[in-house]
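Have the model open next to you.

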Amino acid sequence: MTSLDFEVSANSDVTLGLSSVNQEKRDMYEIGLYWNEGCYHTVRVETPNILSGYGFYDRFWITFRNKTIAVGRHGDSTPFMAATYPTLMEINYVGVFTGYGSEGYWKFHSFC
């Protein structure tokens with residue numbers, strides 16, 4: 001798998017875990033999309049109002065190829081978040097969750 005295309009409806013704290021195995025483990029990539037802010041260990045990008053809120057679906061894409069993970073909005077070819085690694089593990093599984101009392105509804109359009 002080298003990319004995915006999805007929609008999410010949530011108020012805040014949307015997280016995806018990308019992993020080579022079907023279990024939560026330390027060696028995975030986490031991508032956080034927050035309504036007020038976004039931050040993770042490798043890359044921190046301020047993303048105010050990135051989510052429209054519960055009842056509205058926001059569509060995003062993620063690519064993971066050429067040692068780079070990139071995240072962007074559907075319809076935009078330029079990512080708003082990207083990180084490059086010396087080696088990029090193979091991505092075979094995606095886990096999703098929301099945090100801090102936010103409900104999330106997900107639609108996945110493609111896993112390529």
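In β6, Ala82 is the bridge partner of Ala70, and four bridges join β5 to the antiparallel β6. Strands here are DSSP runs of E with at least two residues, numbered from the N terminus, and two strands pair if DSSP finds at least two bridges between them. A quick word on the ground rules: this is a predicted model, where local features need pLDDT of at least 70, side-chain atom pairs count only at pLDDT 80 or more, and totals for chains, interfaces and linings use all residues. Residues are numbered from 1 along each chain as its sequence is written, and side-chain values use heavy atoms, with hydrogens and water left out.

**Strands**

On to the other strand partners. β5 (residues 68-73) also pairs with β4, antiparallel, over six bridges; there, Ile62 has Val71 in β5 as its bridge partner. The hairpin of β4 and β5 has two residues between the strands, and Asn66 takes a positive phi near 50 degrees in it.

Strand β2 also has pairings to look at. With β3, β2 pairs in the antiparallel sense over five bridges, and Gly17 stands opposite Glu30 in β3. With β7, β2 pairs in the antiparallel sense over six bridges, and here Thr15 stands opposite Phe97 in β7.

How many of the residues of β2 (residues 14-19) are buried? Six of its six are, where buried means under 20% relative accessible area, exposed over 50% and partly exposed in between (1.4 Å probe, protein chains only). Both faces of β2 are covered: Val14, Leu16 and Leu18 are buried on one side, and Thr15, Gly17 and Ser19 on the other.

Val94 lies in strand β7. At 27% relative accessibility, Val94 counts as partly exposed. Leaving aside residues up to four places away in sequence, Val94 touches Met1, Leu4, Leu16, Gly17, Leu18 and Phe111 (contact means heavy atoms within 4.5 Å). Val94 and Phe108 are 14 residues apart in sequence and 11 Å apart in space, C-alpha to C-alpha.

**Rings**

Now for the aromatics. Rings of Phe, Tyr and Trp (its six-membered ring) pair if their centres lie within 6.5 Å; planes under 30 degrees apart count as stacked, over 60 as edge-to-face and the rest as tilted. By this rule the count comes to eight aromatic pairs. In one of them, the ring planes of Phe6 and Phe60 sit at 35 degrees with the centres 5.8 Å apart, so the pair is tilted. Phe6 is in strand β1 (residues 3-10) and Phe60 in strand β4 (residues 58-65), so this pair links parts of the chain 54 residues apart. Phe6 is buried at 0% relative accessibility, and Phe60 is buried at 0% too.

Another tilted pair is Tyr29 with Tyr85, at 5.0 Å centre to centre and 50 degrees between the planes. This one also links distant parts of the chain: Tyr29 sits in strand β3 (residues 29-33), Tyr85 in the loop between β6 (81-84) and β7 (93-98), 56 residues apart. Tyr29 is buried, with a relative accessible area of 11%.

Which residues do ring pairs link into a cluster? They are Phe6, Phe60, Phe80, Trp106, Phe108 and Phe111. There is a charge to spot as well: Lys107 lies over the face of Tyr57, at 4.2 Å from the ring centre. For that, NZ of Lys or CZ of Arg has to be within 6 Å of the ring centre and within 35 degrees of the ring normal.

Back in strand β1, have a look at Ser9. Ser9 is buried, with a relative accessible area of 2%.

| Side chain | Backbone atom | Distance |
|---|---|---|
| Ser9 | nitrogen of Gly55 | 2.9 Å |
| Ser9 | oxygen of Phe56 | 3.1 Å |

Not counting residues up to four places away in sequence, Ser9 touches Gly53, Tyr54, Gly55, Phe56, Tyr57, Glu103, Gly104 and Tyr105.

Finally, salt bridges (a side-chain nitrogen of Lys or Arg within 4 Å of a carboxyl oxygen of Asp or Glu). A search of the whole structure finds one: the side chains of Asp5 and Arg59 meet at 2.5 Å, N to O. Asp5 lies in strand β1 and Arg59 in strand β4, so the pair ties together parts that are 54 residues apart in sequence. Is Asp5 buried or exposed? Asp5 is buried, with a relative accessible area of 12%, whereas Arg59 counts as partly exposed at 26%.

Technical notes
Polar contact = N/O pair within 3.5 Å; in protein donor to acceptor, adjacent residues only side chain to side chain.
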